[in-house]
Amino acid sequence: MANEIDRRAVIAGLIGGGALLSGCDRIGSSAPFQAAVEGARGLTMHSQRLLIGRDRLAPEFGRDKISDRFHANGTTDPIEPAYRALAANGFRQWRLEVDGLVHRPFGLSLAQLQTLPQRRQITRHDCVEGWSAIAEWQGVPLGLILAHAGLMPDARYAVFHCADRLGGDQYYESIDLIDAFHPQTILAHRMNGQPLGIAHGAPIRLRVERQLGYKQAKYVMRIELVATLDGIGGGKGGYWEDRRNYDYYAGI
Ligand SMILES: Nc1nc2c(c(=O)[nH]1)N[C@H]1C(S)=C(S)[C@@H](COP(=O)(O)O)O[C@H]1N2
Ligand SMILES: [Mo]
């Protein structure tokens, strides 16, 4: 409780700071001054998000809580010939492409991905269709991959292009950079101690643990850094966001 009050007080202080800046805004008019004010506002918004949970972790569970059965949903066995060829060869030819607004676009094989630092987490997956399941996921923090690629200043979203089509259209998802650099956001290639199976997104799937099931893109082939989601799919940031108006930020 005390914590809650402190937090509110700090946030109120920040909002107060914002109001002061707006006051200055009316007097200052030179371009550099305006730019400084805009910068400070950005920082204020950023600080608020930090306080109200930029780094909040999704709950993690003990091994004894792992579900006996984990339903596979949406695409469970992609039929696309390119994917089938990769799967038939144990994904040895598969490469994760990282491109868009990055300084060093690169491709990464599954073997290379497996040699990078790993994170393991036991988390609950919640699907909007009304089921949940707990599993252990292992993979590479997405932040490491993005740091390696080097983001350009205007990069704002990471878009995950998937191998499968659903109802004729390619599945895709996207997240903002706060979630992209969140410690529990990983590119998972193992589930419950086994290589990730095809039903669950082999060879890699996104785990973005503070959000709902449809954000957990399976069969990820390419990560594209973009400034805006306009022009990607239907422009709303994801397959289900485009079709059913699902929330972009699917917080749980
Ligand atoms: N590429 C791709 N990713 C996807 C989907 C899909 O159909 N294709 N379905 C989404 C939905 S709605 C859910 S609930 C989860 C299901 O993951 P699972 O099959 O491992 O349970 O994947 C998400 N990611
Ligand atoms: Mo879902």
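These legends describe close-up views of a predicted model.

**View 1. Ligand 1 and the residues around it.**
Ligand 1 has 22 residues around it. Those that come nearest are His-71, Asn-73, Asp-164, His-200 and Lys-218. By class, the shell holds 11 nonpolar, 8 polar and 3 charged residues. Look next at the atom pairs. A backbone N or O atom of Thr-75 sits 2.9 Å from an oxygen atom of ligand 1. For Gln-216, a backbone N or O atom lies 3.0 Å from a nitrogen atom of the ligand. Lys-218 uses its side chain: an N or O atom there is 2.5 Å from an oxygen atom of ligand 1. How much of the ligand does the protein bury? Taken alone, ligand 1 exposes 530 Å², and the protein buries 99% of that. Two elements give two or more residues to the shell: strand S3 (119–127) and strand S5 (157–166). S5 gives the most, with 3 residues.

**View 2. Strand S5 and its two partners.**
S5 is mostly covered, with 9 of its 10 residues buried. Strand S6 (residues 169–176) pairs with S5 in the antiparallel sense, over 7 bridges. To place this pairing, find Tyr-157; its bridge partner in S6 is Asp-176. The hairpin of S5 and S6 has 2 residues between the strands. In this hairpin, Gly-167 takes a positive phi near 55°. S5 also pairs with strand S10 (residues 220–226). That pairing is antiparallel too, and it runs over 6 bridges. Which residue of S10 is the bridge partner of His-161? The partner is Arg-222.

S3 gives two or more residues to the shell around ligand 1. S3 pairs with strand S4 (residues 131–141) in the antiparallel sense. The pairing counts 9 bridges. Within it, Arg-120 stands opposite Gln-138 in S4. The two strands form a hairpin with 3 residues between them. Gly-130 lies in the turn and has a positive phi of about 105°.

**View 3. Helix H5 and its buried side.**
H5 covers residues 142–149. Its residues Leu-142, Gly-143, Ile-145, Leu-146 and Ala-149 are buried. Why do they count as being on the same side of H5? They cover an arc of only 160° around the axis, so they fall on the same side of the helix.

**View 4. Helix H3, buried side and exposed face.**
In H3 (residues 81–88), Tyr-83, Leu-86 and Ala-87 are buried. These residues cover an arc of only 100° around the axis, which means they lie on the same side of H3. Now turn to the face away from that buried side. Which exposed residues does it carry? They are Pro-81 and Ala-88.

**View 5. Gln-184, a buried loop residue.**
Gln-184 is found in the loop between helix H6 (177–180) and strand S7 (185–191). Is Gln-184 buried or exposed? Its relative accessible area is 0%, so it counts as buried. Two contacts of its side chain can be followed here. The side chain of Gln-184 reaches the backbone nitrogen of Ala-58 at 2.7 Å. It also makes a polar contact with the side chain of Glu-60, at 2.7 Å.

**View 6. Backbone angles to look for.**
Most residues other than glycine have a negative phi, and most peptide bonds are trans. This view collects some exceptions. Asn-192, in the loop between S7 and S8, has a positive phi near 50°. With a relative accessibility of 31%, Asn-192 counts as partly exposed. Tyr-219 is found in the loop between S9 and S10. Its phi is also positive, near 50°. Tyr-219 counts as buried, because its relative accessibility is 1%. The last stop is a peptide bond. Ala-202 and Pro-203 are joined by a cis peptide bond, with omega about 0°. Pro-203 is in the loop between strand S8 (194–195) and strand S9 (205–208).

How values were computed
Residues numbered from 1 in each chain as written. Chains lettered and ligands numbered in written order. Predicted model: local features only at pLDDT ≥ 70, side-chain atom pairs only at ≥ 80, totals over all residues. Heavy atoms only, no water. Near = heavy atom within 4 Å. Polar contact = N/O pair within 3.5 Å; in protein donor to acceptor, adjacent residues only side chain to side chain. Areas by Shrake-Rupley, 256 points an atom, 1.4 Å probe, with all protein chains shown as cover. Helix = DSSP H or I, 4+ residues; strand = E, 2+ residues; numbered from the N terminus. Nonpolar A, V, L, I, M, F, W, Y, C, P; charged D, E, K, R; others polar. Buried < 20%, exposed > 50% of the residue type's maximum accessible area, 1.4 Å probe, protein only. Arc of directions from axis to C-beta. Pairing = 2+ DSSP bridges.
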